Every structure is written in structure tokens, then in C-alpha cells.
Amino acid sequence: MARENDFRGRWALVTGASAGIGVALARELARHGAKLILTARRRDRLEALAQELRLQGTEVRILEADLNDPAAPQAIYDATEGAGLAVEILVNNAGLGQFGEFVRSPLAQELRQVRVNCEAVVHLSRLFVPAMVTRRRGWVLIVASTASFLPVPFLSTYAATKGFDRFFALGLAEEVAPYGVKVSALCPGPTESEFFDIAGAAQFKARGVQSAEVVAQRAIHALARGNRTLIPYFAGRATAFLVRFLPASLITWGVARAARPAATPPTHP
Ligand SMILES: NC(=O)c1ccc[n+]([C@@H]2O[C@H](COP(=O)([O-])OP(=O)(O)OC[C@H]3O[C@@H](n4cnc5c(N)ncnc54)[C@H](OP(=O)(O)O)[C@@H]3O)[C@@H](O)[C@H]2O)c1
């Protein structure tokens, strides 16, 4: 029997469920019988996805929340686990990047990446994982990136936040494994979503992307199996392997040459 059947009838909380990989992860969890709590800022998107999944027989709740607000994780917890609804699957997926020169990038956008990609992940995990430990069962998926394996000039803050996510996931996985809680770091490469448009890096989409559906299928399979790291495509696995043997200065030089933006003003006010 596929391990994904373990998700049947359990509540899964998916952050960033209004677009891209989050939508695909929610659909995949629903396909395996999970009940869903969908959260993001865009309520209309959440409602549309909820309606789609309910028509297929999935129980769905939606919670509008801005994870840039430090109070949001507690509000999400209070409305779910705190209200007696056992969240057994936590998917920390919400995230954003900002492409361009760090010194020209709006400070608010740099800090937003740290809050949404790191602080909210720690906060939500700290709130939800203790109950999983008590129940001796749970699953946590943390969406990192192949950018977590190397410094990425012109996405410097973003790559650093993803390095944080991957290390946090790996450390937490070891800590909670004795309690039956599985933690996986998902490290996608360029994936079909709104990410590049929002990051101001639409030009990178032309270099080939993986579908969010394939990423989600592989991620949920890896989570069910208890794999601690998943890089869902071959070039990403090759990159993660090769960077171990190359000096960081050479990697950053090469990446900077490939990624250097045209001299354009920052994309966010
Ligand atoms: N696409 C890629 O190539 C790629 C590669 C590696 C890793 N990733 C990671 O994959 C994850 C999902 O990204 P994606 O590619 O699916 O991008 P996306 O299509 O832009 O989706 C991002 C999701 O995060 C949510 N989000 C962003 N800021 C938020 C905030 N302040 N509060 C609450 N939710 C927020 C968005 O919802 P609202 O705007 O409705 O709030 C949206 O649902 C991210 O962690 C990203 O770093 C993506």
C-alpha cells in the first residue's frame, strides 16, 4: 500500500495555497484523501481552490493570513489546532524572492523574504509540531529550493533564506524522528508558478521550468516515505552534488555572470 494513504482523513495545513506549488501540493494531498486548511493573502484564490476540491469530496477550510505579519502564525494556530482541529500535516510552502542588486532593492522586500520564508516557517513549526510529538505522529514539509545549496548573487537574500529553510528542516527532522514525526525539505528548481514574475525575474522562466504538479507529486511521495530531502529534478541533484567540490568563490562568480541583471530600476516601490 502506498505510504500516501497514511494522509487519508488527516488535516493538512498548506501555506501559500493561492498559487503555484502550493495549489499543486493542496491538490495532491486532497488526491490522497487529506482534509485541507488553505492559507494565503488572496482569499478569492483560496475560495476558488476550496470550491474545486469540495466538488471532489474534500473537506476544506480557508484562512486568509499575511505571513509578513508576525502575529499571523498564532492566529492560524488559534483558528485550527487551538480550536481543537488536529493538524497532522504542516506544509510550509509560502515564500517569495526578490531579484536584482541588493543595494537597490527596497528594504521592505528584503525583510519580507526573511519574515515569510524563515520567521513564519519557524513560528508555525514551533506552534504545530509539539502536538505532533505528543500524538507520536505528524508530517512537516518545508519548501526550500535548489538555491539552498549555493549562494546566488542578485537573489542573495532569497538564497540565504532557502539555505536557512533546508538546514532548519534537516535539524528538526533529526530532533523529532524519535517521536514518529517526519520532516522533509523540498528543494525545487525553476518551477511553473508566479514566483519569477513576483521576484522581477521573468527572464529566467525561459530557461526551462518543471510543472508544479510533478513537483507536488514527488514532494508528497517523499514526505509520506519520510525522505528528508527531495530535489525533484536531475539537474538540481547534479548541482547539489557538484557544489560540494567547488570553491564558493568560483560558484558565486559563475552564478553572478549568469544572473547579472540589466541595469534596471527595482521592480517594487
Ligand atoms: N517557482 C520556483 O521556481 C521555485 C523554486 C524553488 C523554490 N520555490 C519555493 O516554492 C514556494 C512556493 O512558491 P511558488 O513558486 O509557488 O510561487 P508563487 O506562485 O508566487 O506562490 C507563492 C505563494 O506564497 C504566498 N505568499 C507570498 N507572500 C505571502 C505572505 N506575505 N503571506 C502569506 N502568503 C504569502 C502566495 O499567496 P498570496 O500572494 O495570495 O499571499 C502564494 O500562494 C516558495 O517557498 C518558493 O520559495 C519556488
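Colleague: Which residue forms a salt bridge with Arg135?
Modeller: This is a predicted model. A salt bridge needs a Lys or Arg side-chain nitrogen within 4 Å of an Asp or Glu carboxyl oxygen. For Arg135 the closest N and O atoms are 2.9 Å apart, and the partner is Glu81.

Colleague: How many residues apart in sequence are the parts that this pair ties together?
Modeller: Arg135 lies in helix H4 (residues 107-135). Glu81 lies in the loop between helix H3 (72-79) and strand E4 (87-92). The pair therefore ties together parts separated in sequence by 54 residues.

Colleague: Is Glu81 buried or exposed?
Modeller: The cut-off for buried is under 20% relative accessible area. Glu81 has 13%, so Glu81 is buried.

Colleague: Which residues are linked with Arg10 in a network of salt bridges?
Modeller: Start with the side chains of Arg137 and Glu88, which meet in a salt bridge at 2.8 Å, N to O. Arg137 sits in the loop between H4 and E5 and Glu88 in strand E4, so parts 49 residues apart in sequence are tied together. Glu88 is buried at 8%, while Arg137 is partly exposed at 32%. The network links Arg10 with Glu88 and Arg137.

Colleague: How many salt bridges does a search of the whole structure find?
Modeller: One more is formed by Arg104 and Glu101, with the closest N and O atoms 3.6 Å apart. Searching the whole structure gives a count of 12.

Colleague: Which helix supplies the largest share of the shell around the ligand?
Modeller: Helix H1 (20-31), H5 and helix H6 (195-199) each supply at least two residues of the shell. The largest share is three residues, and they come from H6.

Colleague: Ser18 is among the residues that come nearest to the ligand. What separation do the C-alpha atoms of Ser18 and Arg42 have?
Modeller: Ser18 lies in the loop between strand E1 (11-15) and H1. Beyond its neighbours within four places in sequence, its contacts include Val23, Ala40 and Arg42. Ser18 and Arg42 are 24 residues apart along the chain, yet their C-alpha atoms are separated by 6.4 Å.

Colleague: With which side chain does the side chain of Ser148 make a polar contact of 2.9 Å?
Modeller: Ser148 is in the loop between strand E5 (138-143) and helix H5 (156-176). At 8% relative accessibility, Ser148 counts as buried. Its contacts beyond four places in sequence include Ala159, Lys162 and Cys187. The polar contact joins its side chain to that of Arg166.

Colleague: Is Trp253 buried or exposed?
Modeller: Trp253 lies in helix H9. With Phe241, Leu242, Phe245, Leu246 and Leu250, Trp253 makes a nonpolar surface patch of about 660 Å². The limit for exposed is over 50%. Trp253 has 53% relative accessibility, so Trp253 counts as exposed.

Key. Residues are numbered from 1 along each chain as its sequence is written. This is a predicted model: local features need pLDDT of at least 70, side-chain atom pairs count only at pLDDT 80 or more; totals for chains, interfaces and linings use all residues. Side-chain values use heavy atoms; hydrogens and water are left out. Helices (H or I, at least four residues) and strands (E, at least two) are DSSP runs, numbered from the N terminus. Buried means under 20% relative accessible area, exposed over 50%, partly exposed in between (1.4 Å probe, protein chains only). A polar contact is a pair of N or O atoms within 3.5 Å; within protein, one must be able to donate a hydrogen and the other to accept it, and residues adjacent in sequence count only if both atoms are side-chain atoms. Contact means heavy atoms within 4.5 Å. Patches are made of residues with over 30% relative accessible area and no salt bridge: like charges are joined within 9 Å, nonpolar side chains (Val, Leu, Ile, Met, Phe, Trp, Tyr) within 5 Å. Accessible areas come from the Shrake-Rupley method with a 1.4 Å probe; for residues, only the protein chains shown count as cover. A residue is near a molecule or strand if one of its heavy atoms lies within 4 Å of it.
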